[in-house]
Amino acid sequence: MIRLLYILHSEEELLSSSSEIDKCMLNLHNCNDEATCINAAKSYSCVCNTGWTGDGFNCDDINECTNLNICLENSRCVNNPGSYVCNCDIGYIGSSRCTRLPDTFLSVTFTLKDRKFTNSLNDPTSDNYQTLSRQVTNNFQKEFSNVPAYRGVNIIRFRSGSVICDAELVLVLNAKDEITKVLERVNATGVLGNISVVAESLTTADIPAFADIEMDVEYSGYAGDMLEITCTITGPSLLSFEWRKNNMILSLSTRVKIENNDQVSKLFVRKTAKSDSGNYYCIASKGEDTINSNVSVEVKVIPIVAVSPLSVAATEGDPVTLMCETSVGDEENLEIVWHNSKQSGIIGQTRKLNLFDIAPSDIKPRYTAEYWCFAKNSDGTGRSQNVTVHITSQDYNEFCFEDNDSGYTWEETPVDTSVIKTCPEGKIGTVTRFCNSNDGPPVWGDVSFFNCRSSVVIDLVDKVSRLVEGFESENISDILDETEQVLEDDKLYVKDIQDIVYVLENTKQRTKTQNNRQQFIRSSSNIVSQKRKNVWMNIPSRNNLAKQVISGTDLNARNYISQSAEIGKVALYRTPNIDVIGIRLPTVKPTELQAKGTSLLDTAGEGVVIPDALTNELKEATVVKYSSIKDILSEEELKESVDNTIESTESLTIRSTIVSLITKPGFNESVSKPFKIVLQNNQLDE
């Protein structure tokens, strides 16, 4: 008989009986269900699993969604026991990254209640249109605040008939039924957020499909000119446009801009170059629907040609060589032909033209002729300027002798001859000096820099032109800073002055900060300084240009005072040629102002005194004193610049200084008491 012996052990006895027993494997542990058991000699430990927290015996779920950045953009966190998931928002799709589903659109038309249509609602840029558009948009947002499938509303237009609004709702794909339910409630109740609409006036419709696309090109075809392509769509409104040249996407730059307006998009390319040739594509899209078309553009680069030297004066027998030079449009097989005013037909066909055996006649001791060249490439033909060639006989003796003037050496030159040289370094153009007799011995005239321009100023003008035309450009602060730097150059010429006034005229309303306004006033002061008087005198339109400087300075001075002056205290900003003095007045005028008026005088005691009767009506007053513009304006313009209510007498020379007075509000027509103008070396006029 076989006897079996069963020996029973308690768990504690088993655990303590041997160090070799794996308590975790035998499940002889007290770890939490969401923890992992780790065996050890005569023991074990418990560690909570990923997504849980605790001591291993007690484990709690970690809510990962408390980390607001745990999911990527356009997704939301959903917490699960021990884990989480990121679900894409409504209207987005994806796994690792959520991408936006295409928009869909629903046209709506409704009538606003108790609204009166005005002509200003025909203009999307008007304040009334913008205000009403914001009100409608905000109330749609409020109405659909709990509808994730709603993406927004685009106002298309307002029409008369009370005020009828045409708009389109932007919604998530396949959400039309959900959106329509909300619209049906609005239509029945006449309530859209906080505004009222005429009940039963709201209608919906699918947006129209794309029907046609037309592209129109306005372009001369030649390099340097503006290229404009218009893309017009028949179909839905408020489209998204994309422009490409060949395979390259086009966007705003210093030479490219795009203007979109509902169903029309315009592409502009300024200063076109040969590299701008190619196929231009217009791609219009509305949600998932697209339409596109393209046009081919060819940019032709005609040679830019010049003859050197710029003028020739030689004696019979001297070697004379002219060069036909191309700065743009040069090609390997360029065709060159020469002509002159003495002969018909072609006189040469190489870049270099040597003039041999040219001798004055016995009757005329000097030979004078105009020479020019043509250069033809595959795109067209360019013509040079005319160069005058003077050749005198050996015994000719009417010359202006060699002379050094204005940094140039002027060689011996026959009388009645213009000598042309290039402008100084950093300038573009030509310098001219004429040798004349004036019925006497030959004498040199003044050196004319009229055709010279600063390359730095040209670059500055280009930046301002880009700013004005809507192309990418530097910001206004950088442009005004560069203007000040340019004006440090004492060698500015007529065209430079004209260009800088253009810069000031086109930046006067773009100043944003007090520093900008100070920069503008300093630049205005510099451009009209006494040291530039001689240059101004050579500008035929100097009166108009000077008045543009005054207009821009007055505007920025007024804005400067309105932003900087402490109420009730006179503020002063001085420059070498322009002083700004101003005050902001309190609504309730102090007793001393009521009794004495307002004195807007600079440190020299000059300016304007506004009497008490006028002071009480004002909120703000600005005086701008121009001390040097009198040297620029013509005598006739100075007379016109004096207010005809102020009489100039022998004891009052009002024209010694020009003063602008700007008030807010302006003086009304009933004002009869004059103000006092105080000027240096002038008696007071009351």
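**Entry 1: α6 with α9**

I started with helix α6 (residues 494–505), whose axis comes within 9 Å of the axis of α9 and crosses at roughly 35°. I noted the crossing of α6 and α9 as left-handed. Which residues make the contact? On the α6 side I found Q498, V501 and E505, and on the α9 side L545, Q548 and V549. Sorted by class, the contact of α6 with α9 holds three nonpolar residues, two polar and one charged. A reminder to myself here: this is a predicted model.

**Entry 2: α7 with α9**

Next I turned to helix α7 (residues 514–527) and helix α9 (residues 542–564), and their axes come within 9 Å, crossing at roughly 150°. The crossing of α7 and α9 is also one I wrote down as left-handed. From α7, I listed Q514, R517, Q518, F520, I521, S524 and I527 as meeting α9. Their partners in α9 are V549, G552, T553, N556, A557, N559, Y560, Q563 and S564. I then counted classes for the contact of α7 with α9 and got six nonpolar, nine polar and one charged residues. V549 of α9 turned up in my list for α6 and again in my list for α7.

I moved on to helix α2 (residues 127–143), which has 17 residues. From first C-alpha to last, α2 reaches 24 Å, close to the 24 Å expected at 1.5 Å a residue. Which residues of α2 are buried? My list reads Y129, L132, S133, V136, N139, F140 and E143. They sit on the same side of α2, because they cover an arc of only 140° around the axis. On the other side of α2, I found D127 and N138 exposed. I also looked up what the buried residues of α2 pack against: β9 (103–112), β10 (150–160), β11 (163–172), α3 (176–189), β12 (191–192) and β13 (195–196).

**Entry 3: G382**

Last, I picked out G382, which lies in strand β29 (residues 380–383). Is G382 buried or exposed? With a relative accessible area of 5%, G382 is buried. Leaving out residues up to four places away in sequence, I see G382 touching I302, P303, V305, C373, F374 and A375. I also checked G382 against A306: they are 76 residues apart in sequence, and their C-alpha atoms are 9.4 Å apart in space.

Key
Residues are numbered from 1 along each chain as its sequence is written. This is a predicted model: local features need pLDDT of at least 70, side-chain atom pairs count only at pLDDT 80 or more; totals for chains, interfaces and linings use all residues. Side-chain values use heavy atoms; hydrogens and water are left out. Axes are lines fitted to C-alpha atoms, for helices over the stretch in contact, and angles run from 0 to 180 degrees between N-to-C directions. Helices (H or I, at least four residues) and strands (E, at least two) are DSSP runs, numbered from the N terminus. A crossing is left-handed if the near helix is turned anticlockwise from the far one by less than a right angle, and right-handed if clockwise. Contact means heavy atoms within 4.5 Å. Ala, Val, Leu, Ile, Met, Phe, Trp, Tyr, Cys and Pro count as nonpolar, Asp, Glu, Lys and Arg as charged, and the others, Gly among them, as polar. The expected span of a helix is 1.5 Å times one less than its number of residues. Buried means under 20% relative accessible area, exposed over 50%, partly exposed in between (1.4 Å probe, protein chains only). The arc is that of the directions from the helix axis to the C-beta atoms.
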